[in-house]
Amino acid sequence: MPTTGPIYRVGAQFTEQLNYSNPLNRPVETVWYRYEMYFQLATDYGVVFIDPPQVSVEEYLFRYGTPSSPGAFVSDQYPVMSLIPGSYHYQPICEEVWVFVPQDYRPNHLKSQQDVLLSNYPIVHTGQYFVRPIL
Amino acid sequence: MSDALTCTTVTLTHPYTQGDNVKAIQIALAGYGYEFGPIDGIFGPLTASAVEMFKQWEGIKPINATVDLAVYYAMGVRCVSTSELTEQLDYNNPMHQVIETAWFNGKKYWAIGPNIPLPINPEETKTAEEYVIVYGVGEEEEPHLVPLQLNIYDSIPGMPQYSPIWHLNYVIVPQDYVPNTLRSAEQVLNSPYQVIPSDRYVN
């Protein structure tokens, strides 16, 4: 769940030694990238492209149900990102991709794009882009 | 930002003022060709003399050894005036991303963003207005930027019209325009300068 307070994360379990006082109270949420935790501004500012990027930044969001009958989002699962800043194709605009998991899925079992793609869970590219920069 | 230089006014004092500000001033002066000894971060008589010569050459009055906000700007030293700060921002930028400083209503803010043109549909994407102060715009829409002038936002997060996707507007100013005279969208729109909306959108 996004928080709107300051974020200070220092510790061996985190890649980022992040200090962010969040003076404008932006919503910040934790995401996974290759088994490491990162933080992004979780905004809902949508972007409609004339020409979508050839390589999109993908944000995998986890839902119960099926593509034909989507259920609730898995509340304790952090989103999984396909790229982070420093990657060649990274930009702070990502496409939402839904991953449909069974009811007995253990949250945060999947922590990387590779995990997701190897899981064989149904995946739906929404074609919806949002401005969500990694901090 | 915690690692930003604050534009503290410095001058020749006893004991001599020392610090990163002085070092930044010395680096700038050396870049302009002034000679004052080593770049040691100590504001001594030689640095003071170089400052006086710089101010005389640039026509900045009074001609003395004091470096205040106007002199920092004239030197091109990137620093933040405490009187201009709204955000008490502490951000260590662990991913080394590009950070833009911009004006909003006379205050400085910071934004993460690569600032590259985006092929978006403006009719279906909410955008905000960003003003870029330029001497002119070329045939390929390449702007002739005013050095040291920060761009100007019309909104910040929390305002209804805010969007992180910026529509660029070029504000054409004369060659004798003093950088950072314009610091708000209201000032831009009430100025005598021509505003040319572009078809560029950036994040």
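This is a predicted model: local features need pLDDT of at least 70, side-chain atom pairs count only at pLDDT 80 or more; totals for chains, interfaces and linings use all residues.
**Figure 1. Chain A, overall fold.** Chain A holds one helix and ten strands. From the N terminus, the order is β-β-β-β-β-β-β-β-β-α-β. The radius of gyration is 15 Å, close to the 14 Å that the globule rule gives for 135 residues, so chain A is as compact as a globular protein of that length. Along the principal axes, its C-alpha atoms fill a box of roughly 40 × 40 × 25 Å. Of the 135 residues in chain A, 33% are buried. Among contacts with a separation of 6 or more in chain A, 67% join residues 24 or more positions apart.

**Figure 2. Confidence along chain A.** The mean pLDDT of chain A is 92, and 95% of the residues score at least 70. Strand 1 of chain A (residues 7-9) has the lowest confidence in the chain, with a mean of 79. Strand 8 of chain A (residues 80-81) has the highest, at 98.

**Figure 3. Chain B, overall fold.** Chain B contains four helices and nine strands. Along the sequence they follow the pattern β-α-β-α-α-β-β-β-β-β-β-α-β. The C-alpha trace of chain B spans about 60 × 40 × 25 Å along its principal axes. Buried residues account for 30% of the 203 residues in chain B. For chain B contacts with a separation of 6 or more, 62% link residues 24 or more positions apart.

**Figure 4. Helix 1 of chain B and its packing.** Helix 1 of chain B has twelve residues. From first C-alpha to last it reaches 16 Å, close to the 16 Å expected at 1.5 Å a residue. Its buried residues are Asn21(B), Val22(B), Ala24(B), Ile25(B), Gln26(B), Ala28(B) and Leu29(B). These buried residues pack against strand 1 (17-18), strand 2, helix 2 (45-58) and helix 3 (69-75) of chain B. Just after helix 1 of chain B comes Gly33(B), with a positive phi of about 95°.

**Figure 5. Tyr34(B) in its loop.** Tyr34(B) sits in the loop between helix 1 (20-31) and strand 2 (42-43) of chain B. Tyr34(B) has 17 C-beta neighbours inside 10 Å, so it counts as partly exposed; a buried residue would need 20 or more. Leaving out residues up to four places away in sequence, Tyr34(B) touches Leu29(B), Ala50(B), Met53(B) and Phe54(B). Gly113(B) is 79 residues from Tyr34(B) along the chain, and their C-alpha atoms are separated by 36 Å.

**Figure 6. Where chain B meets chain A.** On the chain B side, 25 residues are in contact with 26 residues of chain A. The chain B residues on this side divide into twelve nonpolar, nine polar and four charged.

**Figure 7. Nonpolar cores.** The largest nonpolar core has 58 residues. Val99(A), Ile133(B), Ile165(B) and Val171(B) have the most contacts inside it. Strand 9 of chain A (residues 93-101) gives this core its largest share, seven residues. Beyond its neighbours within four places in sequence, Ile133(B) is in contact with Val146(B), Gln149(B), Val171(B), Val173(B) and Leu182(B). A second, separate core has 18 residues, including Cys7(B), Val22(B), Phe36(B) and Ala48(B). In soluble globular proteins, nonpolar side chains tend to be buried together.

Notes:
Residues are numbered from 1 along each chain as its sequence is written. Chains are lettered from A and ligands numbered from 1 in the order in which they are written. Helices (H or I, at least four residues) and strands (E, at least two) are DSSP runs, numbered from the N terminus. The radius of gyration is taken over C-alpha atoms; the globule rule is 2.2 Å times the number of residues to the power 0.38. A residue is buried if 20 or more other C-beta atoms lie within 10 Å of its own, exposed if 12 or fewer, and partly exposed in between; C-beta atoms are placed from the backbone. Two residues are in contact if their C-beta atoms, placed from the backbone, lie within 7 Å. Ala, Val, Leu, Ile, Met, Phe, Trp, Tyr, Cys and Pro count as nonpolar, Asp, Glu, Lys and Arg as charged, and the others, Gly among them, as polar. A nonpolar core is a set of buried Ala, Val, Leu, Ile, Met, Phe, Trp, Tyr and Cys residues joined through C-beta atoms within 7 Å. pLDDT is the predictor's confidence in each residue, from 0 to 100. The expected span of a helix is 1.5 Å times one less than its number of residues.
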